[in-house]
Amino acid sequence: MDFASLETTTLEEVVIALGSNVGNRMNNFREALRLMKDYGICVIRHSCLYETEPVHVTNQPRFLNAAIRGTTKHEPHELLNILKKIEKEMGRKENGLRYGPRPLDLDILFYGKHRITSDKLIIPHERIWERPFVLAPLVDLLGTEDIDNDHIVSYWHSLSIHPGGVFQAWERLGGESLLAKGGIQRVVPIGDDLWDFSKKTYVMGILNLTPDSFSDGGKFQSIDSAVSQVRLMISEGVDIIDIGAQSTRPMASRISTQEEIDRLIPVLKVVRGMAEMKGKLISVDTFNSEVALEAIRNGADILNDVSGGSLDPNMHMVIADSDVPYMIMHMRGDPCTMQNKENLEYNDICKDVASELYERVREAELSGIPAWRIMIDPGIGFSKGIAHNLEIVMELPKIREEMGKKSIGLSHAPILIGPSRKRFLGDICGRPEASERDPATVACVTAGILKGATIIRVHNVRDNVDAARLCDAMMKKKGSKWTISI
């Protein structure tokens, strides 16, 4: 085609694949995203992150692979030159071994509604349809309803060598079944490691440093009592310690930023330094960006925000500037207003929660938080009545499916449920005391795990670890894994 006909003032939507298997692969990706922004490529969507076996040249380290959707005014060959420049800045050698190790590999998969064939550039990339490590992240960037509502995406589907478009191409290679075979894994970067949340159910133990939490307020306000509780949870098999210094129970009063920091940081520092914490993660539960920043500086691995950024306009910026995963929960209003009548009105609880969660996630992503660092929580007990909570637990696949209509990648995000000792369990079972609701909690998280929850947030670690292990064993025996139909 005549590239002169592509006005440089035209904003084109592009898909760029990323790969790396030399050096710190995640740092390579972070730097690549920063350089893309500097060179005028605006990233609007991120895929999940995949660790994959090398192909062709197999005696080399495993790759990290991902893809982004972005917009740019650069014409195709100019964009290609920019990506090559970024690769060079990241240490890639021009005459390196073909298919060999590289700190960074950037390929243009799609460029607007254009087919391009030249001696330097072919779009769509000619090997898209045969490479799972390219198709998996590409599929993530699409939604199951995009083909009807997005003209650009419809065109990209039409470029496939298969009549069913990109989705059929992925399914013909094996689709989600490939992830069970080990050659490709969907992973979440946490600290210096990559975590595969499909392998087991992760148990998050609650450590409240507050005097007014509904279940255990006042029990763990001293460092000694907090450390003792952490040791107990570790002995019982916990994977993640979730530390909170601001109560989010209904009608909880909001404390000052300094008071929350003063409660949190001394305990966080000590817990982070415990030898027993090796291989365990620390999550900090806060909706305050200043507290989040201090928590990250002092060793938090995950930031758990019940508001998803809605209660602090600086939260997304703080998370975007960090490397920690971000747990985004669904809630309407704040802890003082979340159970108001207007916040309990839904047309379809699962559709509405999925839609509102998606909007929070998109705001976070557009603020610079890659989707591969985002986890979701439907917010059991927050802006929900009894029937709402039950339906969420029983219909978790529907929430994922609704998210998948707009973003298949986000439908694969790790999903947390936190019904532990909550009032709706007491109302159903006739247990007014929160401490008497552990059996009901076990039943609830069991149902949730069997419906696709990947993280359970609980007070009683021992009993819920047993429940999680049993559920994992049953699902492994059955060979079941929730997948979205595309």
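Among contacts in the chain between residues at least 6 apart in sequence, what percentage join residues at least 24 apart? The share is 71%, where a contact means heavy atoms within 4.5 Å.

The model is a predicted one, in which local features need pLDDT of at least 70 and side-chain atom pairs count only at pLDDT 80 or more, while totals for chains, interfaces and linings use all residues. Residues are numbered from 1 along each chain as its sequence is written, and side-chain values use heavy atoms, with hydrogens and water left out.

The chain holds 17 helices and 17 strands, which are DSSP runs numbered from the N terminus (helices: H or I, at least four residues; strands: E, at least two). Its C-alpha trace spans about 70 × 45 × 45 Å along the principal axes.

Of the 486 residues in the chain, 59% are buried, a word that stands for under 20% relative accessible area with a 1.4 Å probe and protein chains only. The chain exposes about 20,400 Å², and carbon and sulfur atoms supply 49% of that area, as computed by the Shrake-Rupley method with a 1.4 Å probe.

| Residue | Relative accessibility |
|---|---|
| Cys48 | 8% |
| Cys444 | 9% |

If a disulfide is taken as a pair of cysteine sulfur atoms within 2.5 Å, the count comes to zero disulfides. Cys444 is accordingly in no disulfide, and the nearest cysteine sulfur, that of Cys429, is 9.5 Å away.

Notes. Buried < 20%, exposed > 50% of the residue type's maximum accessible area, 1.4 Å probe, protein only.
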